[in-house]
Amino acid sequence: MNKIIRRISVFLLMMTVAACAGGANKRLPISHDLGPVTAQTGNSVKVTLDAPVWLWDERIRYRLLYRDATAVRYYNLDRWEAPLPALLEQYLTISGDQAVIVRIQLHRFEQQFVTQDNARVVMDMTVEARSKQNYGLLGEKSIVLSQATDRGDASGAIAGFSDLAKQARIEIQYWLENP
C-alpha cells in the first residue's frame with residue numbers, strides 16, 4: 001500500500017512539473033504603437049484624425065481574402081497601445097504653416113492575406129487642408145498606401161503599419177509644402 005501511495009505521489013509530482021513547464025512557453029499580450037513620435041515644435045500643424053467606429057479600438061485587424069474576404073479577424077495577443085486613430089493622430093505630426101489645419105479621415109487600416117503566405121498592409125485616408133482663420137477648404141488629397149509584409153503574422157503587420165504611417169507622414173508633409 002505504501003508503495004502505491006508513493007508511486008501516485010511521484011506521478012502527481014511529475015504531472016505538476018509538466019503542467020508548469022508547459023505554461024512557461026505561453027506568450028503574454030503585448031501592446032504596440034507606431035514607433036517614436038516626432039516632437040511637436042512651435043511650427044507644428046494641428047492634425048485631427050477621425051475614423052469609422054470599428055477602427056476606434058485597440059485590436060489589430062486582418063482579413064483572409066483567399067478564404068472569406070468579408071470576415072474581419074483580430075490578433076489575440078497583440079494590440080495597439082491606444083485606439084488606432086488616436087495613435088495615428090499623435091504620430092502624424094506635420095511641420096509647416098500654423099495657419100493651416102489638417103483633417104484626416106481614415107477609411108481603412110488592415111492587414112490582408114491574399115494567400116496563406118502572402119500578406120500586405122493597407123492604409124486608405126482622405127486628407128484635407130483648411131484655413132485656420134475661416135475653416136475654408138484649401139485642398140484635399142486621397143492617400144492609399146499598400147506594402148507587402150515580411151511575415152504573415154502580427155509582428156509583420158505591426159512593422160508594415162509603422163512603415164505606412166511613416167510614408168503617410170512624408171506624403172502629407174510634401175503635399176502641404178507643394179500644393
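This is a predicted model: local features need pLDDT of at least 70, side-chain atom pairs count only at pLDDT 80 or more; totals for chains, interfaces and linings use all residues.
Helix α2 spans residues 84-91, and its buried residues are L84, P85, L87, L88 and Y91. These residues lie on the same side of α2, because the arc they cover around the axis is only 160°. The elements covering the buried residues of α2 include the strands β1 (30-32), β2 (44-50), β4 (68-80), β6 (100-115) and β7 (118-131), together with α3 (154-177). One of the buried residues of α2, Y91, also takes part in an interaction with a charged group: the charged end of R169 is placed over the ring of Y91, at 4.4 Å from its centre.

The largest nonpolar core comprises 40 residues, among which L88, L106 and M123 touch the most other members. Two or more residues are given to this core by each of β2, β3 (59-64), β4, α2, β6, β7, β8 (137-148) and α3. The largest share is that of α3, which supplies nine residues. In soluble globular proteins, nonpolar side chains tend to be buried together. The surroundings of M123 were examined with its neighbours within four places in sequence left aside; on this basis, M123 is in contact with L88, L106, R108, F109, I143, V144, L145, L164, A165 and A168.

Five aromatic pairs are present in the structure, and a cluster consisting of Y62, Y75 and F113 is linked by ring pairs. Elsewhere, R59 is positioned over the face of Y74, with a distance of 3.8 Å from the ring centre.

R63 belongs to strand β3, whereas E110 belongs to strand β6. R63 counts as buried because its relative accessibility is 18%, which falls under the 20% limit. E110 is likewise buried, with a relative accessible area of 3%. The side chains of R63 and E110 are joined by a polar contact of 2.9 Å. A polar atom of the R63 side chain also lies 2.8 Å from the backbone oxygen of A69. When neighbours within four places in sequence are left aside, the contacts of R63 are A69, T70, A71, V72, E110, Q111, Q112 and F113. F113 in this list is one of the members of the aromatic cluster. With the corresponding neighbours left aside, E110 is in contact with R61, R63, R120, V121, V122 and F161.

The loop between β7 and β8 contains N134. This residue is exposed, since its relative accessible area is 60%, over the 50% limit. The side chains of N134 and S131 are joined by a polar contact of 3.3 Å, and the side chain of N134 additionally reaches the backbone nitrogen of G136 at 2.8 Å.

Definitions and conventions:
Residues are numbered from 1 along each chain as its sequence is written. Side-chain values use heavy atoms; hydrogens and water are left out. Buried means under 20% relative accessible area, exposed over 50%, partly exposed in between (1.4 Å probe, protein chains only). Helices (H or I, at least four residues) and strands (E, at least two) are DSSP runs, numbered from the N terminus. The arc is that of the directions from the helix axis to the C-beta atoms. Contact means heavy atoms within 4.5 Å. A nonpolar core is a set of buried Ala, Val, Leu, Ile, Met, Phe, Trp, Tyr and Cys residues joined through side-chain atoms within 4.5 Å. Rings of Phe, Tyr and Trp (its six-membered ring) pair if their centres lie within 6.5 Å; planes under 30 degrees apart count as stacked, over 60 as edge-to-face and the rest as tilted. A charge sits over a ring if NZ of Lys or CZ of Arg is within 6 Å of the ring centre and within 35 degrees of the ring normal. A polar contact is a pair of N or O atoms within 3.5 Å; within protein, one must be able to donate a hydrogen and the other to accept it, and residues adjacent in sequence count only if both atoms are side-chain atoms.
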